[in-house]
Amino acid sequence: MKFYQEGLPGVDPAHLAGKLIVMEGADGSGRSTQMDILKDFLEGKGHATVNVGLRRSTLVSEELNEAKMGNVLGEITRSLFYATDFADQLENRIVPALKAGFVVLADRYIYTLMARDIVRGADRDWVRSLYGIALVPDLVIYLRVSPGQLVERNLRKNATLDYWEAGMDLGLSRDIFDSFMQYQKLIQKEFSLMQREYGFHLVNGNRSIRAVSREMTAKVEQLLEI
Amino acid sequence: MRHSGSLPGKLIAVEGLDGSGKSTQMYLLKRWLELRGLKVYFTEWNSSLIVKKATSKGKKRQLLTPTTFSLIHCTDLADRYERQILPLLKAGYLVLCDRYIYTAFARDAVRGCSRAWLRNLYGFARHPDLTLFFNTPLPIALGRILSGRPQLKYHEAGMDLGLASDPYESFRLFQERIYHEYLAMTDEFSFVTIDGGAAIEEQQAKVREIVGHRFDLPSYRWKTII
């Protein structure tokens with residue numbers, strides 16, 4: 001494996017025997033469902049897996065959850081808090097698991113964090129260098145679902161839209177529905193820009209769970225030769 | 001992304017080793033400016049309330065790697081920068097920072113982080129209008145800290161670098177490396193060097209002379225009448 005840029009001091013990526021599979025997509029894109037299916041699929045074939053995601057580090061997840069409740073963090077501070085959370089999981093969970101030959105399933109990775117920061121006005125080069133510590137995944141699946149479908153799925157599940165997933169902090173609109181639609185379009189645009197650079201495998205998530213999972217597992221099988 | 005345009009306020013930073021005497025000098029400088037009726041704000045490294053809990057948890061449980069150590073301290077500065085330092089500078093304050101980005105450049109580079117990555121990471125923070133570097137001969141600085149045989153904390157002693165198994169020896173080696181990093185940055189960042197081996201009064205007279213000469217101090221007086 002290799003790092004995007006500077007990487008982590010003291011870690012030799014050549015010694016990482018496992019595989020890193022990343023799933024990106026908005027809330028309501030079917031990400032978690034597909035992750036569960038993928039886990040079953042891999043374990044069924046005898047591969048050991050580890051799950052990681054955002055805001056799950058021992059170091060700062062509590063603080064991040066607290067901060068999410070109120071508007072107490074500035075933009076750069078929030079970016080760095082998320083980067084710290086990511087780095088902690090990268091070093092303390094992802095790297096050790098890869099060393100031990102596990103398949104690491106990442107429910108979101110640096111791309112979501114980068115897109116969120118950039119949409120909020122962060123400098124592209126700054127963000128790119130910040131996350132230059134990250135490992136290049138073996139496969140990144142981007143589940144794209146149209147904003148219209150996302151709204152329907154989110155409302156069906158929670159009967160409400162999440163403040164952050166609607167990007168309400170950006171002040172795009174005071175109406176949460178309008179804000180959600182505009183914000184998701186901005187994020188998707190950012191993902192389209194990143195898609196070429198980072199080589200995402202675009203999967204059309206506007207389809208049934210089965211149709212999506214069939215395409216996804218086929219990709220995993222073919223690309224990882226597992 | 002470094003913002004360099006002039007602001008109404010001025011940023012003054014002190015840098016130097018533990019035991020270099022910089023905090024004493026900064027305190028005396030602050031008193032002098034305050035007693036002249038100027039708008040002064042003092043802030044120190046690693047003091048943001050939101051980040052503090054995470055930092056102490058990470059340090060206590062030894063969860064920190066060079067990268068997360070660096071990121072969490074950067075988050076601390078970002079929080080203070082976005083909420084205090086920058087707004088205060090815009091409001092025409094003299095902002096005094098006990099340790100600033102160069103502390104991170106020196107320490108984290110010694111811990112193995114890439115210098116280019118560090119400089120980008122802290123790219124959101126403007127360079128000070130004046131950086132005073134307290135150049136205290138290593139034996140003097142070490143003597144001030146070690147004379148009481150204090151209980152050195154794990155990271156303070158640089159034990160995470162594995163330079164020596166004895167904390168005192170580790171501290172010595174760690175400080176020596178930091179000292180050399182500081183010296184190497186002196187020209188690049190236009191440090192004004194103060195002889196930290198001189199008597200307290202002598203140093204303070206020098207500091208006040210430099211500050212009085214560099215800035216038009218009367219223009220930082222309170223403008224509101226209480």
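Visitor: What makes up chain A, and how are its helices and strands told apart?
Guide: Chain A has eight helices and five strands; helices are DSSP runs of H or I with at least four residues, strands are E runs of at least two, and both are numbered from the N terminus. This is a predicted model, where local features need pLDDT of at least 70, side-chain atom pairs count only at pLDDT 80 or more, and totals for chains, interfaces and linings use all residues. Residues are numbered from 1 along each chain as its sequence is written, while chains are lettered from A and ligands numbered from 1 in the order in which they are written.

Visitor: In what order do the elements of chain A run?
Guide: Starting at the N terminus, they go β-α-β-α-α-β-α-α-β-α-α-β-α.

Visitor: Why is chain A called as compact as a globular protein of its length?
Guide: The globule rule, 2.2 Å times the number of residues to the power 0.38, is set against the radius of gyration over C-alpha atoms. For 226 residues the rule gives 17 Å and chain A has 17 Å, so it is as compact as a globular protein of that length.

Visitor: Which strands are the edge strands of the sheet in chain B?
Guide: The open sheet there has the order β2-β3-β1-β4-β5, with parallel pairing; two strands pair if DSSP finds at least two bridges between them. Strands β2 (40-44) and β5 (192-195) of chain B each pair on one side only.

Visitor: How do you know that β1 and β4 of chain B pair?
Guide: They share five bridges in the parallel sense, against the at least two that pairing asks for. In β4(B), B:Phe133 is the bridge partner of B:Glu15.
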